[in-house]
Amino acid sequence: MTNLFIARLQMAFTLAFHIIFAVAGIGMPLLMVIAEGIYLRTKKPVLLELTKSWSKVVAVLFAVGAVSGTVISFELGLLWPKFMEFSGGIIGLAFSLEGFAFFVEAIFLGVYLYGWNRISPLAHWISGLMVALGGAMSGVIVLTTNAWMNSPSGFDLLNGKPIHIDPVAAIFNQASFHEILHMMLSAYVTAGFAIAAIHAWYLLKDRTHPTHRAALSISLLVGIVSIPLLIFSGDISSRRVAELQPAKLAAMEALYETRSSAPLVIGGIPDDKTMSVKYGIKIPYGLSILAARDPKATITGLYDIPRDEWPNTALVHLAFDLMVGSGFAILAVAAWACWLWWKRRELPDTTWFLRALLVAGPMSVIALEAGWVVTELGRQPWIIYKIMRTADAVTTMPGLIYTFITYLLLYLILFSVVVVVLRQHLSKFGEGFDDPS
Amino acid sequence: MIHPELVVAGILGFGLIIYALLGGADFGGGIWDLLAFGERARQHRALIINAMAPVWEANHVWLILVVVLLFTGFPPAFAAITTALHIPLTLALIAIVLRGSAFAFRQYGTQDDKTVYIWSKVFGISSLLAPLFLGMSLGALSGGEIKMVNGTPANGFFAGWLTPFAIGCGIFAQSMFAFLAAIYLTNEAKSDPELQADYRSRGLFSGVLLAVIAMVVLYLSKTGAPVFYTRMIHQWGPWILAVTGVCEVVTFWGLKERRFAIARIAAAGVVVLVLSGWGIAQYPYLVTPGYTITSSAAPPITLRYLLIGLGSGAFILVPSMGYLFKVFKFRRD
């Protein structure tokens, strides 16, 4: 258990925690804006009640997300000071802009949550819109910093130090477009399906509950629109990763041998020692088509990448298949919803469909986390691809195990209390609402 | 031509001051929440929650702004600070994490007495500890014990922040925030004369305590932060000390005469002067003695873009913040 390993593990779990709340902070405001917007148009009280009930959930998630985000910003320095020393002047600008977007979001959330009786309905809705926009903007900008780690640009190297720094070029690096597209869509997919799953749970107990029904329709809509786009963006990402980070692609696909007409391997257990994949389903030409749109294209295998630059193939491949598999499963559920709607012209709420949602919700969270495992573990051993190794970036402070255990306990407490608080809120969901019919 | 690194450093200092005025008041509120006693304790707590609830999220973003400006504008200094002061910064962070969550959960969780009590205590104690560790870290920057060699602090990871001077700075931060919060709360308690009187006396008490601690810290800086001491005693420091003293006296007068608006401005003035005074006494060091504003600065292009970004951001941010305060602080139904 080296210091490096502990630092990586800590960063991993604090980020894995934070991303859930960040996604909530991006996706849920959109849901609220839609709900409140429809209310302003139709004046149906159930939608006002839905907006208010959802906003209580958002308040809790946002508070925890802000706190976990503060931890990340500190951890950048506490765990990776050498990384920050190198890249602060390059990607700091993006972090500053993200800070502003988040600041605006926080301000308008304060207005939104507490200003119901103090401002006009339109002003209130616009405040909600600002929250959704602020969340989206801050997500977009902060993703450019992660994209930069995968595809660094905007500087030259002299004796291991960056010169000719151009922070704007760093923001518009080669990986930004596909990372932003893919992650923003995944935020809406996860928010949509996770929230839909929660409301499906309550609907299974009482199919007629008006607020849960309204909630399901809006969250499902957002999820259904987003999932096909997300899968399409995944296709774009695969091809970009093939160009920009062949080692990551090779690990994702468990491709050891550089070859043309590369098959796609689904599942299976990669074995670095024998450089082969045990079991697994091989689809001929699959990888060449996916990565380069040409069945005869040559794809670099791990064999042609220096051994000390290999990511953890087994974990990256497993995570990748988990992500893609979940994505397609969610697509199937979305298709099912569309078919039900087309057949019956009302909110899909059959027992089996709702049960499928109960699975799709957690799957969207698993896909989210698995995707981040792919991209972060797939970039190892680099913290800045081909520029700085993670091992060279870590703090010299010893005894990280103590803070690690403290944070772990802290986050476990945090997480369990979030669950308790949310269950409390959700059990009273829509209770202020009196259906006049 | 003004050097961009000076402007960024100035904005960094400004951000720190705003954080102290807003977030610091939140910490102070938490401290009074912890110390609430007597028959009106419950009302005290309600008052504090009402004052903090709409604004505390936005208030604490200033801390992140300070962190981000530091690593964008002065990366080597950031690396040195987060390495050498890893321990107090981690402790402050843990307190901040607990605090934020406790506040949210106390409000939104189950409202039975026992749960509320536990979260209140967590909220209060972490509100007490966060300023302590932040103050100790700030004091360590002046102390001169932080020396980085090959990316690691030559004097170890316990140097600089456990000196009497640094600890004094931590305690000073606690009392300063409590002082500030007490006076803010006299304004929040306008509609309840008894509560207002409670915070009036707390303001007076913490103000006196603050003055005493200030003198102790100044004395400790003689050995604990000699460069800082020299500036405060011998050069233009006495002027700042004098004006700060005047502000404190005006605060007392305002409290005594129940002119709470004046007391509030004067109390804020104390905080601004204390932090500005510290910043100017520190100049040009970010970390005494090895890191100055100029030596740690990011390249000019980064600083220029940063200033442009900050400027454009301010265009959106300042009116938004104004709107927030207008909706909640100035429109009392």
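The model is predicted, so local features need pLDDT of at least 70 and side-chain atom pairs count only at pLDDT 80 or more, while totals for chains, interfaces and linings use all residues. Residues are numbered from 1 along each chain as its sequence is written, chains are lettered from A in the order in which they are written, and side-chain values use heavy atoms, with hydrogens and water left out.

**The interface**

The size of an interface is often given as the accessible area lost when the parts come together. Chain B and chain A bury about 5400 Å² between them, and 79% of this is on carbon and sulfur atoms. Buried area here is the accessible area (1.4 Å probe) that two parts lose on being put together, summed over both. On the side of chain B that touches chain A, the elements that give two or more residues are helices 3 (56–73), 4 (75–84), 5 (86–108) and 13 (300–330), together with strand 2 (152–153). Helices (H or I, at least four residues) and strands (E, at least two) are DSSP runs, numbered from the N terminus. Helix 13 of chain B gives the most to this side, with 16 residues.

In contacts (heavy atoms within 4.5 Å), 59 residues of chain B meet 59 residues of chain A. Between the two chains there are zero salt bridges, a salt bridge being a side-chain nitrogen of Lys or Arg within 4 Å of a carboxyl oxygen of Asp or Glu.

**Nonpolar cores**

A nonpolar core is a set of buried Ala, Val, Leu, Ile, Met, Phe, Trp, Tyr and Cys residues joined through side-chain atoms within 4.5 Å. The largest one has 205 residues, and A:Trp54, A:Phe83 and A:Trp148 have the most contacts inside it. Apart from it lies another core of 22 residues, including A:Leu216 and A:Val333.

Buried means under 20% relative accessible area, exposed over 50%, and partly exposed in between (1.4 Å probe, protein chains only).

| Residue | Relative accessible area | Class |
|---|---|---|
| B:His44 | 1% | buried |
| B:Cys169 | 14% | buried |
| A:Cys338 | 39% | partly exposed |

B:His44 belongs to helix 2 (residues 41–52) of chain B. Not counting residues up to four places away in sequence, B:His44 touches B:Ala36, B:Leu195, B:Asp198, B:Tyr199 and B:Arg202.

The whole structure has zero disulfides over all chains, a disulfide being a pair of cysteine sulfur atoms within 2.5 Å. For B:Cys169, the closest cysteine sulfur is in B:Cys247, 20 Å away and therefore too far for a bond.
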